[in-house]
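Please keep the sequence and the structure in view while reading.

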Amino acid sequence: MTSPSLTPLSLAALGLLREKPMHAYEMYQTLMFRGEDRTVKVRPGTLYHAVSRLEEQGFVEEDGVERDGKRPERTVYRITTAGENALAANLIVLLGDASNAYPPFPLALAECHNLPSEVVVDRLEARIAGLSERLAEYGSAEARAVERQVPRQFWLDVKYQHHLLAAEIDWLTGLVAEIRSGDLDISVPS
């Protein structure tokens, strides 16, 4: 199954149009209501551009034009068969892809022995603080989703991210304790 690699925003737009035909602003409102801006960077302008690219690729097509009161006309789009196939192909690859995209933090860990241990501890504690803030944000996102009665399938990522962040915080806290206690000497022997 080959398909052009779609941007995260294009995947989100196709997913919405698979639910029902919509105009771009309705897509934006739906993404924001569900809190999906936590997984994809979304702004109205970039969404309109993404939908335009999807139309050029033949993944979406016009389904009609809507007018709401005195507001300008809005083009309603629907997903095409090619769009459904592209969405499925991209999701299948992404869900099963366990490759490491070489994130920078593991490299920093592998090379942290090049810094004084007090600097490493300071930076790791700063990372723990930042991750803890993000963990709290995911807790709030879950509470908002439940409060808004957003169906769970639209926020599965919240639990996933919550567990990843909690595990990383736990591991880093243990690492900092090992370095502080002297149980782990990260300096390079001279």
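The sections below treat the domains, the nonpolar cores, the pockets and the cavity in turn.

## Basis of the description

The model is predicted: local features require pLDDT of at least 70, side-chain atom pairs count only at pLDDT 80 or more, and totals for chains, interfaces and linings use all residues. Residues are numbered from 1 along each chain as its sequence is written, and side-chain values rest on heavy atoms, with hydrogens and water left out.

## Two domains

The protein is divided into domain 1 (8–96) and domain 2 (104–181), with bounds that come from an automatic or database domain assignment. Taken over C-alpha atoms, the centres of domain 1 and domain 2 are separated by 31 Å. Their contact (heavy atoms within 4.5 Å) takes seven residues from domain 1 and eight residues from domain 2.

## Nonpolar cores

A nonpolar core is a set of buried Ala, Val, Leu, Ile, Met, Phe, Trp, Tyr and Cys residues joined through side-chain atoms within 4.5 Å. Buried means under 20% relative accessible area, exposed over 50%, and partly exposed in between, with a 1.4 Å probe and protein chains only. The largest nonpolar core has 25 residues, and Leu14, Met27 and Leu47 have the most contacts inside it. At least two residues of this core come from each of helix H1 (8–19), helix H2 (24–34), helix H3 (44–56), strand E3 (74–79) and helix H4 (81–96). Such elements are DSSP runs numbered from the N terminus: helices (H or I) of at least four residues and strands (E) of at least two. H1 gives the most to this core, with seven residues.

Which residues does methionine 27 contact, leaving aside its neighbours within four places in sequence? They are Ala13, Leu16, Leu17, Met22, Leu47 and Val51. Apart from this core lies another, of 21 residues, among them Phe105, Ala141, Trp155 and Leu172.

## Pockets

Pockets and cavities are found on a 1 Å grid over the protein atoms alone: a cavity is a set of points where a 1.4 Å probe fits but cannot get out, a pocket is an open set with protein on both sides within 12 Å along at least five of seven lines, and lining residues have an atom within 4 Å of a point. Grid points are joined across faces, edges and corners, and a volume is the space filled by probe spheres set on the points.

The largest pocket has a volume of about 1200 Å³. Of its 26 lining residues, the closest to its centre are Leu11, Thr39, Leu91, Leu95 and Asp157. H1 gives the most to this lining, with seven residues, and domain 1 and domain 2 each supply at least three. The second largest pocket holds about 230 Å³. Its lining consists of Pro103, Pro106, Arg127, Tyr160, Leu164 and Glu168, and the largest share, three residues, comes from helix H7.

## The cavity between the domains

The structure holds one cavity of 30 Å³ or more. The largest cavity has a volume of about 70 Å³, and its lining includes Phe33, Arg34, Ala141, Arg144 and Trp155. Helix H6 (117–147) gives the most to this lining, with three residues.

Why does the largest cavity lie between domain 1 and domain 2? Both domains give residues to its lining, so the cavity lies between them.
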